[in-house]
Amino acid sequence: MAQVNANYSSGNSAATRQGSALGTVAVYAALIVAAAMIIIPLLLMISSAFKNESEIFDYPVKLIPEHFIWSNFQQLLKTFPVYIYNSVKVTVLITVVQVVTATTGAYAFAKLRWKGRDALFMIYIASIMVPQQVMIIPQFIMVRNMGLYDTHLALILLGSFTAFGTFLVKQYFMTIPDSLLEAARIDGANDFLIFGKIMLPLAKPVIAAQIIFSFRYFWNDFFTPMIYLSKDYLKTIPLGMSDFVTQYTVYYGPQMAACVISVIPVIMIFLAAQKYFVQGIAAGGVKG
């Protein structure tokens, strides 16, 4: 009987290990497929940026061009430096303003006690569910009446507040013990000093995550600049890419070259803040 039980336990353990190994293989296979779905389009984009128009549509597709050409990038020299400057200007300013409003708002909602705080927070968060297209007409009327149409200031003001960012930072702030703040108040620190000297240094991971979210969104935003900007010298990169689309033709080579240039800053921002990014997302989703 003991021998039978030993054999059964051994067989059960072997089956468990086999099932675990199969599960691991399945997970890695799914990750490889997901990574390929992301990487292959990027490789095709980079490859197409160095091809002429006819070679882009060759079949079978070749990742390595037969003849590397730089003319696609040369066509960008006339207008795209201005578009790049506009995108950097608008995106950086909006990102900085959003970090300020998100962190200060999150501190007020998470660590200060005042009447109507929770109700106002719920209303603010509920704005996430309102589609941007619903608000575009009243916002456009307000911007026009304020004389801000065809200005970058309109984009900056419209992007100054972020309900999602405030929620993310608030959840992170709630993981910081109130006892730490009370100790600082006993030592004579006011809320401004506590916010600047205690909360912000501890919130580096979630701030990094918010910077990545804000920068990526507004760097790639096409809809809002399309509504509020009409002059060529005010265009951002997403709007500038439409220059290569005419009524009858799409110039894919220069457009792919512009795409290559446009993804570089986003990748650089992510690489610079990636060590904080996962920490910020994980901690921001946990209520303390």
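**Trp219 and the overall fold**

Biologist: Which residues is Trp219 in contact with, leaving aside its neighbours within four places in sequence?
Modeller: With those neighbours set aside, Trp219 is in contact (heavy atoms within 4.5 Å) with Ser87, Val88, Thr91, Ile237, Pro238, Ser262, Pro265 and Val266. This is a predicted model, where local features need pLDDT of at least 70, side-chain atom pairs count only at pLDDT 80 or more, and totals for chains, interfaces and linings use all residues. Residues are numbered from 1 along each chain as its sequence is written, and side-chain values use heavy atoms, with hydrogens and water left out.

Biologist: Is Trp219 buried or exposed?
Modeller: Trp219 counts as buried because its relative accessibility is 2%, where buried means under 20% relative accessible area, exposed over 50% and partly exposed in between, with a 1.4 Å probe and protein chains only.

Biologist: And which helix is Trp219 found in?
Modeller: Trp219 belongs to helix H11, residues 204-219, helices being DSSP runs of H or I with at least four residues and strands runs of E with at least two, numbered from the N terminus.

Biologist: How many helices and strands does the chain have?
Modeller: The chain has 14 helices and 0 strands, and of its 288 residues, 35% are buried.

Biologist: Switching topic, what joins Tyr59 and Pro60?
Modeller: Tyr59 and Pro60 are joined by a cis peptide bond, with omega about 0°, and Pro60 is found in the loop between helix H2 (53-56) and helix H3 (71-74).
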